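Trainee: I have the structure open and would like to go through it with you, one topic at a time. Could we begin with the rings?

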Amino acid sequence: MPEQFFFAAEVMVNGLMVGVMYALVALGFVLIFKASGIFNYAQGVMALFAALTLVGIQQGQVPFAHLINAIFGTDLHHFGWEVPAVLAILLTVLVMIGLAVLIERIVLKHLVNQEPIILFMATIGLAYFLEGVGDLMWGSDIKVMDVGLPQGISDVIDQTTYEWFGYGFFIDRLDIAASIIAALLVAALIVFSQYTREGRALRAVADDHQAALSVGISLRFIWVLVWSIAGFVALVAGIMWGAKSGVQFSLSLIALKALPVLMLGGFTSIPGAIVGGLIIGMGEKLFEFLVGPLVGGATENWFAYVLALLFLVFRPQGLFGEKIIERV
Amino acid sequence: MSVAEITPDGRTLGGTLMDMRNITLRFGGVTAIKDISFDIREGEIRAIIGPNGAGKSSMLNVISGFYNPQEGEVWFRGDKRGPMRPYQVARLGIARTFQNIALFDGMSVLDNIMTGRLTHTKSGILDQAIWWGKAQREEIAHREKVEEIIDFLEIQRIRKTPVGRLPYGLKKRVELARALAAEPKLLLLDEPMAGMNVEEKEDMSRYILDVNDEFGTTVALIEHDMGVVMDLSDRVVVMDYGRKIGDGTPDEVRGNQDVIDAYLGVSHD
């Protein structure tokens with residue numbers, strides 16, 4: 001029986017770690033939704049694009065090599081140098097900021113005061129565009145992300161827990177790293193949005209554009225800022241997921257897992273994204289462990305969505321979402 | 001007009017704060033404002049009145065940068081102002097309220113008013129994040145200013161309430177508080193008394209007079225209610241169909257035949 005108990009505990013811990021990864025993706029959605037009321041369909045693709053760019057820069061790939069080769073008949077593929085991971089990450093951050101500026105200039109600027117659904121459609125377009133550009137720039141082959149994050153099972157934890165409980169916990173070191181990084185990221189974001197002028201401005205813009213303008217807030221600056229931050233969060237998520245399962249198209253689909261997380265946590269709450277992620281991560285692993293064998297397994301595919309559906313029925317604003325206030 | 005002047009009730013009016021020169025504003029084929037000039041003097045309460053659709057709100061939106069006129073010049077504090085965006089105008093020291101109230105519904109009353117201080121925040125983002133030195137002193141100073149305004153407008157009880165829950169009259173007051181928090185050189189009020197009952201109107205009138213009197217804030221307001229306007233303002237611009245049909249003290253305007261015609265209609269017999 002203790003064996004069973006410890007196994008369940010191990011499943012839970014692993015579930016929490018996966019939950020952190022979900023939360024990382026969900027965070028990007030929350031940021032943009034809070035600041036502009038836009039549900040950014042492209043968030044997952046942004047994570048893919050960021051990961052592709054990072055790997056590309058790191059390995060010294062020539063951007064648009066295929067296109068250039070096709071037009072000029074050249075045979076370019078790599079510059080022949082390798083960029084250190086830290087520098088490559090910094091450069092990728094710059095690329096994501098550049099992307100934010102372009103998105104504002106080319107798309108958002110023209111859609112001020114439009115209905116949220118129109119902005120949502122624009123982000124769908126953006127998603128496909130980015131997906132295509134990502135492929136065109138860096139090629140569509142599966143890449144390995146290696147920025148020096150620890151990988152593999154942690155021997156220390158395995159041994160210590162074995163000594164304590166007579167049962168060794170298998171925990172991926174990458175998951176531990178992801179948890180620490182996510183915690184730092186969230187702390188920084190909360191401090192930023194609650195205690196800085198830009199954070200206050202950001203919350204103001206989220207609430208009412210006209211009023212924000214009238215107190216001297218530049219909408220365009222705030223949008224560039226928030227898309228830059230979302231781009232940065234996408235990069236972090238891209239690094240983590242890329243290191244876990246390779247940089248490939250399916251990376252963009254992790255966004256789908258962020259949806260139930262958002263419904264649980266609320267679209268407007270940063271802590272909500274974290275708690276939602278943890279609940280879903282742990283819930284789906286435990287459910288698979290406890291109920292899975294009874295129904296033939298593969299419950300992880302639908303558990304999160306069913307849970308989200310229940311939340312939609314009983315608490316549509318999520319656990320931490322802003323109360324829906326309406327005066328009649 | 002001489003530079004300084006004492007009003008009948010003992011306030012001092014300074015020189016020209018804002019000068020609108022031959023403003024014309026068109027929307028496609030519709031001319032909302034036609035060649036209007038007027039000035040606003042430092043320390044005065046200036047009203048813009050007129051029937052529905054006269055172009056009053058458009059004029060306020062020109063002053064606050066929400067619209068840029070096709071023709072004419074806007075002079076503020078002795079400088080000609082080029083085409084500007086609303087947030088730039090706000091940073092010049094022009095604060096405003098809106099006809100249909102534009103507040104941050106999800107934020108508390110206090111946070112709403114604090115946004116009014118944004119243009120005055122100078123410390124860096126890092127300092128603010130770690131609550132350090134200058135940022136801390138600044139935040140405390142802002143809070144003091146905001147509390148002063150909260151006391152002034154008598155909204156202490158609701159300072160933590162999310163604005164979305166407040167009744168209409170109080171929302172109007174919070175909006176005024178936010179505008180005041182910016183310590184504006186010019187305060188623009190778009191129908192501050194629309195939709196209020198008599199008692200609320202009296203309160204609001206008193207606040208506007210007190211703001212002008214105690215803080216020395218110059219006020220430009222739009223209002224439908226003739227009685228209120230005549231009591232409050234030092235000078236009145238009257239608009240009709242995008243034109244200026246009268247400009248002067250309340251008494252002068254009241255006796256102006258064009259104004260009477262615009263408000264009461266002209267018989268065609």
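Predicted model: local features only at pLDDT ≥ 70, side-chain atom pairs only at ≥ 80, totals over all residues.

Trainee: How many aromatic pairs does the structure hold over all chains?

Mentor: Counting over all chains, there are 19 aromatic pairs. One of them joins Phe29(A) and Phe39(A), whose rings are stacked, with 5.0 Å from centre to centre and 25 degrees between the planes.

Trainee: Where in the chain do Phe29(A) and Phe39(A) sit?

Mentor: Phe29(A) belongs to helix α1 of chain A, residues 2–36, while Phe39(A) lies in the loop between α1 and α2 of chain A, so the pair links distant parts of the chain, 10 residues apart.

Trainee: Are those two buried or exposed?

Mentor: Phe29(A) counts as buried because its relative accessibility is 3%, and Phe39(A) is buried as well, with a relative accessible area of 17%.

Trainee: And in chain B, what sort of pair do Phe27(B) and Tyr67(B) make?

Mentor: Their ring centres are 5.1 Å apart and their planes stand at 75 degrees, so that pair is edge-to-face. It also links distant parts of the chain, with Phe27(B) in strand β3 of chain B and Tyr67(B) in the loop between α1 and β6 of chain B, 40 residues apart. Phe27(B) is partly exposed at a relative accessible area of 38%, and Tyr67(B) counts as partly exposed at 29% relative accessibility.

Trainee: You mentioned β3, so which sheet is that in?

Mentor: In chain B, β3 is part of an open sheet of 4 strands in the order β4-β3-β6-β7, with antiparallel pairing. The edge strands are β4 (30–41) and β7 (79–81) of chain B, each of which pairs on one side only, and the twist averages 25 degrees from one strand to the next.

Trainee: How many bridges hold β3 and β6 of chain B together?

Mentor: Strand β3 (residues 16–27) and strand β6 (residues 71–76) of chain B pair in the antiparallel sense over 5 bridges, and Arg21(B) has Glu73(B) as its bridge partner in β6(B).

Trainee: What does β11(B) pair with?

Mentor: Strand β5 (residues 45–49) of chain B runs parallel to β11(B) and is joined to it by 4 bridges, with Ile48(B) partnered by Val237(B). Strand β12 (residues 243–248) of chain B pairs with β11(B) in the antiparallel sense over 5 bridges, and there the bridge partner of Val236(B) is Gly248(B). β11(B) and β12(B) form a hairpin with 2 residues between them, and Tyr241(B) in the turn has a positive phi of about 45 degrees.

Trainee: Last topic, back in chain A: how do helices α7 and α10 cross?

Mentor: The axes of α7 (residues 173–195) and α10 (residues 219–245) of chain A come within 10 Å and cross at roughly 170 degrees, which makes α7(A) roughly antiparallel to α10(A). By class, their contact has 13 nonpolar, no polar and 2 charged residues.

Trainee: Which residues meet there?

Mentor: Among them are Leu174(A), Ile181(A) and Phe192(A) in α7(A), and Leu225(A), Phe232(A) and Lys244(A) in α10(A).

Definitions and conventions. Residues numbered from 1 in each chain as written. Chains lettered and ligands numbered in written order. Heavy atoms only, no water. Axes fitted to C-alpha atoms, helices over the stretch in contact; angles between N-to-C directions. Parallel < 35°, antiparallel > 145°, perpendicular 65-115°, else oblique. Contact = heavy atoms within 4.5 Å. Nonpolar A, V, L, I, M, F, W, Y, C, P; charged D, E, K, R; others polar. Pairing = 2+ DSSP bridges. Phe/Tyr/Trp six-rings, centres within 6.5 Å; stacked < 30°, edge-to-face > 60°. Buried < 20%, exposed > 50% of the residue type's maximum accessible area, 1.4 Å probe, protein only.
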